[in-house]
Amino acid sequence: MIWNEKMECMEKLAMRKIQGERLQQVVKRVYENCEPYRKRMQEAGVTPDDIKSIDDIKKLPFTSKKDLRDYYPWGLLSVPQSEIVKIHASSGTTGKPIVVGYTKNDCDAWAEAGARCFTAFGLNKNDVVQVSYGYGLFTGGLGAHDASMTIGATTIPMSAGNTEKQLLMMHDLGATALACTPSYALYLAESLEKSGMPRNEFKLKAGIFGAEPWTEEMRKEIETRLGIKAYDIYGLTEISGPGVGFECSFQNGTHLSEDLFYPEIIDPETGEQLPDGVEGELVFTTLTKEGMPLIRFRTRDLTHLIREKCECGRTLVRMARILGRTDDMLIIRGVNVFPSQIESVLCNIAEVEPQFFITVDRVNNTDTFDIDVEVKKAYFSEDENQMGALKNKIVHAIQSVVGIQPKLNLVGPDSIQRSQGKAKRALDKRKFK
Ligand code: ADP
Ligand code: ZN
């Protein structure tokens, strides 16, 4: 099933024409109504008349998270504040929160984007969706909530936390889909195993997971432990929230609703546009947003675009899995390390849980790279000697993927704090020195 066949399966040239028209409109809107944009465009020597097609997007200056902070809270609005019907704020994973305002039309467009995702996940009005993303300023909860309501599914506004009650509601209300972060899904799977509740009394079949990077290996882990099919949903507060991108049943990349959010990949160093297939920083321009349109917003997420038509029939461009954002990247002894790389290694080692914490520091001018990894109960021993072989195995597996050797510390069951929202998997102490 496809939610909006016209837009999702549109022929490429027709799509580019619409994108061009929408770009002209949004550029005109920000130029006329938003001082910071007008100033920046004047500095770059561009006016709305220079934008004739989507190719002209290259002429426009970028915006960044810093702009949203600098003009906090209302400076980037392109409508009077009275037109704003709701606000969200980013979860502040990487600093001070930023605030985004939505008009009624913005909310409707976002709900449609979400409905496209949920439909692609095979859900419809007969489904019962448990939304276990946090509700509140974070876009996850309310974003998934509106998507679920828009397709007519029965929506359970659980929010995150209170794990026992999560399982109870999931069981009693016959939830068929669970929406939460992948790390919380793993925690729920573990809690379900421990609860002793019979898995066959649950109706769960689909997972709607996003808001943080997760790997193919983690997908398999959650799918096996919960007995479901897990789908990727992508989004970010600045651009609207969850629903900017989604996987179809072919799970061959994450489709982006490019009629609403125009993606580009740039070289993070030079800002030059990169060709399809080359990895770089993802940049979005909101093509229809009224409240706080963003032009060429730099997400800091690293991925590449896949332009070919998908087997599902959608022509919407796809992006490859996001390994992490540039902010998550740890540069240790000159080597780039993403927490998601450690996750993928640990998912393949039967004796451990994919629960870990990385600590990076600098001692005597050398970077230290410590990883705590949690061993499953059946394999754990306090006796260091007994754990030696396992330790070596993990150290080598990690080294072969990231290129440098960590100092590994094996810890016992339940030692590593579980996440209910976005998992925090690393601490870089060098930042505080
Ligand atoms: P914050 O920037 O404070 O984390 P958001 O909640 O807006 O605020 O988070 C958006 C970010 O979350 C994205 O830019 C991306 O880094 C990450 N993200 C969201 N969905 C996914 C996903 N499906 N896969 C990987 N990363 C994701
Ligand atoms: Zn597809």
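## A tour of the predicted model

Start by selecting Phe-118, Phe-121 and Tyr-231: these residues make up one aromatic cluster. Keep in mind throughout that this model is predicted.

**Stop 1**

The whole structure holds 7 aromatic pairs. One of them involves Tyr-184 and Tyr-187, with ring centres 5.9 Å apart and planes at 55°, so this pair counts as tilted. In general, a pair of aromatic rings is described by the distance of the centres and the angle of the planes. Now colour helix α8, residues 182-195. Both Tyr-184 and Tyr-187 sit in α8, 3 residues apart, which is about one turn of the helix.

Is Tyr-184 buried or exposed? Tyr-184 is buried, at a relative accessible area of 0%. Tyr-187 has a value of 22%, so it is partly exposed; the cut-off for buried is under 20%.

**Stop 2: Glu-221**

Move to helix α9, residues 216-226, and select Glu-221 within it. Glu-221 counts as buried because its relative accessibility is 14%. Which residues does Glu-221 touch, leaving aside those up to four places away in sequence? They are Leu-186, Cys-347 and Pro-354.

**Stop 3: the zinc ion**

Select ligand 2, the zinc ion. Show the side chains of Cys-248, His-255, Cys-310 and Cys-312 around the zinc ion. The cysteines coordinate through SG and His-255 through NE2, at 2.1 to 2.3 Å. What is the geometry of the site? The site is tetrahedral, with angles of 106 to 112° among the 4 donor atoms. For four tetrahedral donors the ideal angle is 109.5 degrees.

Follow the donor residues along the sequence, and the spacing reads C-x6-H-x54-C-x1-C.

**Stop 4: the open sheet**

Next, display the strands β17, β18, β19 and β20. They form an open sheet of 4 strands in the order β19-β18-β17-β20, with mixed pairing. β19 (407-411) and β20 (426-428) are the edge strands; each has a single partner strand, so one side of each has no neighbour in the sheet. From one strand to the next, the twist averages 15°.

Zoom in on β18, residues 366-375. How many bridges join β18 to β19? There are 5, and the two strands run parallel. To find one bridge, select Ile-371, whose partner in β19 is Leu-408.

**Stop 5: backbone details**

Most residues other than glycine have a negative phi, and most peptide bonds are trans. The next selections depart from that pattern.

- Select Tyr-72 and Pro-73. A cis peptide bond joins them, with omega about -5°. Pro-73 lies in the loop between α4 (65-70) and β1 (86-89).
- Select Gln-251. Its phi is positive, near 45°. Gln-251 lies in the loop between β8 (242-246) and β9 (254-256).
- Select Arg-333. Its phi is also positive, near 45°. Look for Arg-333 in the loop between β15 (330-332) and β16 (335-337). Arg-333 counts as partly exposed because its relative accessibility is 40%.

Definitions and conventions. Residues numbered from 1 in each chain as written. Chains lettered and ligands numbered in written order. Predicted model: local features only at pLDDT ≥ 70, side-chain atom pairs only at ≥ 80, totals over all residues. Heavy atoms only, no water. Pairing = 2+ DSSP bridges. Axes fitted to C-alpha atoms, helices over the stretch in contact; angles between N-to-C directions. Donors = N, O, S within 2.8 Å, 3.2 Å for Na, K, Ca; no water. Tetrahedral: all angles 85-135°; square planar, octahedral: opposite > 155°, others 65-115°. Phe/Tyr/Trp six-rings, centres within 6.5 Å; stacked < 30°, edge-to-face > 60°. Buried < 20%, exposed > 50% of the residue type's maximum accessible area, 1.4 Å probe, protein only. Contact = heavy atoms within 4.5 Å.
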